[in-house]
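The following exercises concern the fold and local packing of a single chain. Please work through each task before reading its solution.

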Amino acid sequence: MEKIVVKGGKVLSGKVKVEGAKNAVLPVLAASLLASEGKNIIKNVPNLADVYTIDEVLKSLNVQLSFSSEENIVEIDASAQLSSEAQFEFVRKMRASILVMGPLLARNGYARVAMPGGCAIGSRPIDQHLKGFELMGAEISTGHGYVEARTEGRLKGAKIYLDFPSVGATENILTAAALADGTTIIENAAKEPEIVDLANFINEMGGKVVGAGTDTIRIEGVETLYGTIHSIIPDRIEAGTFMVAAAITGGDVHIENAVPEHMTALISKMVEMGVEIEEEGEGLRVRATHPLKAVDVKTMPHPGFPTDMQSQLMSLMLVAEGASVITETVFENRFMHVEEFRRMNANAKIDGRSVMIDGPCKLQGAEVAATDLRAAAALILAGLVAEGITRVSELKHLDRGYVNFHTKLAALGADIERISTEEVFAKELQVNS
Ligand SMILES: CC(=O)N[C@H]1[C@@H](OP(=O)(O)OP(=O)(O)OC[C@H]2O[C@@H](n3ccc(=O)[nH]c3=O)[C@H](O)[C@@H]2O)O[C@H](CO)[C@@H](O)[C@@H]1O
Ligand SMILES: C=C(OP(=O)(O)O)C(=O)O
């Protein structure tokens, strides 16, 4: 088991480049199943564990696929007859595997996908995805751990109101509707930038989608979609994580490729805390001098404050002066990192769906374990300012969503390395002898 070992106290400075967005590339790769003619070329693909997982899912569906991780390009030919089943081994590894369900149902009239179940941040049902498919004429059944959707002929366009603006449900319905007979209207749709990227991709393949980025999306189904060339948008969560890295160390970092319009809630909260953020070149320059001010934050669907930045902003709140409150409204159980922060001497208390923080906390380096993807990043961020050494384990979570996180931080001046458990033991023996 590997660990990231970080020694706190360095001030970060310099430039860091943001990769393509994980949460955009996964639905785009799944949607490439819709092209029954020609080849899709997807650019700016990040070299992430989740990308390898979705690649495996697509290959298992009889798609020809190659990924050049040096060039960040995936080429996909989905023109052969597709099989219809996404197996448990993939869905268990990555919930986003369910995003193949809409495209498969549209292409094959049948899809069988392992039930995703919950994960460390919540129970995460898919009822809104299935409601959408049903309204488009599909019959849904479940059994033996799988969910099946079936339709006679093409899916039919329908009016679908989502009870909650679910990102995944919007994406699955959008892709199913792209090849449906007639017009589909999704109301109370998710408005995330990744939805807009997916809609643009569908349109580039010959689809007819309008309104993505608003709460009403209108999709006129077409009979055939064709391979195209598409470039993935920058990762706003990776960008935000480096913004916190700059601020928490009192540093000065230029974050290349960050798109400010995708991050208005985060930028405004960080400015409220006293962080200086300016648009500069193709990106953002982030500077901070301590002390920072405490703030209150509530996570919400986009354009509200993103749940995927909740734990990283919590690290920043730990060093801010005064009482901060962070409330999680999107996932019911996304506070597992709080106990790990407490090992680092954080003064943070869970109260229902909120966490109260009494700052500034004198953070101390400790042994901690990542509980989910963003928690992994947040613990490393806290380690950058903690007194002494922090060792973060369970890095499989980190690798799902960050490319070379520790080497990027090291290039900005952090004292950080990634080592195997054997090396950790060897180092400890050296120190103690
Ligand atoms: C691969 C990807 O893009 N993942 C993102 C996506 O996840 P994901 O698409 O799973 O998130 P959703 O927006 O669907 O989920 C938000 C909330 O709605 C609930 N819900 C969702 C669907 C449904 O049918 N029924 C239901 O009750 C979920 O349990 C959760 O509490 O959006 C989340 C919210 O911004 C992000 O944290 C994830 O990083
Ligand atoms: C929760 C996340 O991802 P996923 O939906 O893939 O679990 C995330 O990116 O923070």
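**Exercise 1. Determine whether the radius of gyration of the chain agrees with that of a compact globule.**

Solution. The rule for a globule is 2.2 Å times the number of residues to the power 0.38, with the radius of gyration taken over C-alpha atoms. For 433 residues a compact globule would have a radius near 22 Å, and the chain has 22 Å, so the two agree. The C-alpha trace spans about 70 × 45 × 40 Å along its principal axes.

The model is predicted: local features need pLDDT of at least 70, side-chain atom pairs count only at pLDDT 80 or more, and totals for chains, interfaces and linings use all residues. Residues are numbered from 1 along each chain as its sequence is written, and chains are lettered from A and ligands numbered from 1 in the order in which they are written.

**Exercise 2. State how many helices and strands the chain has, and what percentage of its residues count as buried.**

Solution. Helices (H or I, at least four residues) and strands (E, at least two) are DSSP runs, numbered from the N terminus. The chain has 15 helices and 26 strands. A residue is buried if 20 or more other C-beta atoms lie within 10 Å of its own, exposed if 12 or fewer, and partly exposed in between, with C-beta atoms placed from the backbone. By this criterion 52% of the 433 residues are buried. Helix α1 (residues 22-31) is mostly covered, as 10 of its 10 residues are buried.

**Exercise 3. Describe the place and surroundings of C119.**

Solution. C119 is in the loop between β8 (110-114) and α5 (127-135). With 14 other C-beta atoms within 10 Å, C119 is partly exposed. Contact requires C-beta atoms, placed from the backbone, to lie within 7 Å. Neighbours within four places in sequence aside, C119 is in contact with R95 and R124. An unreviewed UniProt entry annotates C119 as "modified residue: 2-(S-cysteinyl)pyruvic acid O-phosphothioketal"; such annotations may be inferred rather than shown by experiment, feature names are shortened, and positions follow the numbering used here.

**Exercise 4. Which strands pair with β4, and in what sense?**

Solution. Strand β4 (residues 39-43) is joined to β6 (residues 73-77) by four bridges in the antiparallel sense. With β16 (residues 229-231), β4 pairs in the parallel sense over three bridges. Residue I42 stands opposite V74 in β6 and opposite H230 in β16. The covered face of β4 consists of N40 and I42, the uncovered one of K39, I41 and K43.

**Exercise 5. Classify the packing of α6 against α7.**

Solution. Axes are lines fitted to C-alpha atoms, for helices over the stretch in contact, and angles run from 0 to 180 degrees between N-to-C directions. The axes of α6 (residues 167-178) and α7 (residues 193-204) come within 10 Å and cross at roughly 10 degrees. Therefore α6 is roughly parallel to α7; angles under 35 degrees count as roughly parallel, over 145 as roughly antiparallel, 65 to 115 as roughly perpendicular and the rest as oblique. Among the residues that meet are V167 and L174 in α6, and I195 and L198 in α7.

Methods:
Two residues are in contact if their C-beta atoms, placed from the backbone, lie within 7 Å. Two strands pair if DSSP finds at least two bridges between them.
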